[in-house]
Amino acid sequence: MSANEIILSPGIAPADAEACTLASFLLDNSGVIRREIMRMVRPAAFLDADIRGLAGIAWRMQEEGKPIDAVTIRHEAENRGLGALMNVKGEIGRLLDEIPSPANGVHYALIVRRAWRKRWLLRESDGLRELLLNSEHDPIEVARTLRQRLDTFVEKATESRNYAGGAAELTSRIENILAGNLVSIALPRQPLCSELTNVGMPGSISMLAGTAGDGKTWLILAWLYGWRSVGIAGRALMMEETRDWHLHRGLAYIHGEPKLLNLQWCRENPDFVRDRREESHDEIEALGEMIDVADARHDTLDGVAAWIESEARNGARMIVVDPISAIDPGQNRWSKDQSFIRAAKKIVDRYGCSLTLVTHPKTGTGGKKSIKQDDLAGGAAFPRFTQCVMLLQKHEPATYVTVRKHGFSEHTYINRSLVILKARNGRGGGMRIGMALDNHLQWHEYGAIVRKKQPPQDANDQQHEEAA
């Protein structure tokens, strides 16, 4: 049985659907159905050579804004040296007689697109069968080849050209927003930052930068546990330290006990430490499911991209890599970084997830009063092609500032600030958010920093110490 015979039933035959699709395209004077058909199928998707040739002419005329009917298509075909395809009294006349209106054009186009996809899969399966039967090819390598070809097919089959008139695409996006299918996931305990940046927007890639000791890992732990508490699947790839090191910090975070990280104190209080471990057994198990640690597979940007895609495919909604700057791509850094960002963007767009890449300021920028996107470690492609860039800074000693949130201002001490260097999906670009990491490893977000202030003479020392 041929590939064409396999897809003839059930329902309307693809050959008839091709003719009906082209006829509907020609009959639609409004242009609405034409644009939808062009978005769904390209001329190459038609199996019949004559119809494929006619579709190529009609699609091009629509793009160029030319009037379309049987006469204009005939002239266009003749001008392009394709007159042999055009017989107004023959094929095109039959189509227009059989299809009274273009109302079902999208339905016919769906059948054509489905048939084209099935033909492609059948052709690929024949080739892969030959590879598998050839004893010289390892089955694992054949499987990898299949995956690469399928990925290419998915990209090719789902791509849509940007034809004039985007009403249908915009309508689809708006309806997804209204139905709750397009939602920006909030950063736990950071409502203002979430509002100003929309880092949790599906398809968004963000960067979080900070120097050693600024608290980036503690912030990521807060995100992972916060997302888990509301049923959001979060995953993190830790490029530095061992798995038990991260689990140990998770234990301290869960109980708000920094002293659990003091090895001498732990040896002096074994019962306390063991009790805390037993109490948090389930939470530590959950943390183990939320984090991976880097191994040889993640030594390259391609390896990290493969990990991101694997997690996205398995349902992760919020993904973190900490830090991406741990990878040295070697020569041609710009092109390799750009290729990685583009690959990552395709992944987050395809699966509707969000990605945060952690990095550091470049060596030698510690003394600068104002750090910019170009001061971040790694290639320039990272901040340039991501949607959001944030810089976490530590204030030691704590700084007394005026912050504003929900229309109200207050004065407070902060020991961290989050600088929003870029926010393509939000309005927070250039703003600074006052925050604090307290003595129990909990994060607090106070509001947008308005100005620094001199602390009052009678400032409460205890409050100052807690903020520090």
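Arg297 forms a salt bridge with Asp295, the closest N and O atoms being 2.8 Å apart; a salt bridge is a side-chain nitrogen of Lys or Arg within 4 Å of a carboxyl oxygen of Asp or Glu. The structure is a predicted model, in which local features need pLDDT of at least 70 and side-chain atom pairs count only at pLDDT 80 or more, while totals for chains, interfaces and linings use all residues. Residues are numbered from 1 along each chain as its sequence is written, and side-chain values use heavy atoms, with hydrogens and water left out.

Arg297 counts as exposed because its relative accessibility is 60%, whereas Asp295, at 32%, counts as partly exposed.

In total, the structure holds 14 salt bridges. One of them joins the side chains of Glu279 and Arg276, with an N to O distance of 2.7 Å. These two residues are 3 residues apart in helix α14, so about one helical turn separates them; helices (H or I, at least four residues) and strands (E, at least two) are DSSP runs, numbered from the N terminus. Arg276 counts as buried, since its relative accessibility is 15%. A salt bridge is also formed by Asp349 with Lys345, whose closest N and O atoms lie 2.8 Å apart. Because Asp349 and Lys345 are 4 residues apart in helix α17, they too are separated by about one helical turn. Asp349 is partly exposed, with a relative accessible area of 45%, and Lys345 is partly exposed, with a value of 24%.

Helix α12 comprises residues 243-255. Its 13 residues reach 19 Å from the first C-alpha to the last, close to the 18 Å expected at 1.5 Å a residue; the expected span is 1.5 Å times one less than the number of residues. The buried residues of α12 are His246, Arg249, Gly250, Leu251, Ala252 and Tyr253. Their cover includes α11 (216-229), β2 (234-238), α14, α15 and β3 (291-293). Just after α12, Gly256 takes a positive phi of about 60°.

In α15, the residues Ile284, Ala286, Leu287, Gly288 and Met290 are buried. The elements that cover the buried residues of α15 include α11, β2, α12 and β3. Ser280 lies in the loop between α14 (270-279) and α15 (281-290). With a relative accessible area of 1%, Ser280 is buried. When its neighbours within four places in sequence are left aside, Ser280 is in contact (heavy atoms within 4.5 Å) with Leu251, Ile254 and His255.

Two further loop residues were examined. Ser204 lies in the loop between α10 (191-197) and β1 (205-209), and at 1% relative accessibility Ser204 counts as buried. Apart from neighbours within four places in sequence, the contacts of Ser204 are Asn198, Val199, Val348, Cys353, Ser354, Leu355, Gln387 and Asn425. Asp328 lies in the loop between β4 (318-322) and α17 (333-351), and at 61% relative accessibility Asp328 counts as exposed. Asp328 and Asp299 are 29 residues apart in sequence and 8.4 Å apart in space, C-alpha to C-alpha.

In soluble globular proteins, nonpolar side chains tend to be buried together. A nonpolar core is a set of buried Ala, Val, Leu, Ile, Met, Phe, Trp, Tyr and Cys residues joined through side-chain atoms within 4.5 Å. The largest such core has 44 residues, and those with the most contacts inside it are Leu208, Trp218, Trp223, Trp227, Leu418, Ile433 and Trp443. Helix α11 gives the most to this core, with 9 residues. A second, separate core of 30 residues includes Ile319, Ile341, Phe382 and Val419. Leaving aside neighbours within four places in sequence, Ile433 is in contact with residues including Leu192, Cys193, Leu196, Leu418 and Ile449.

How values were computed:
Buried < 20%, exposed > 50% of the residue type's maximum accessible area, 1.4 Å probe, protein only.
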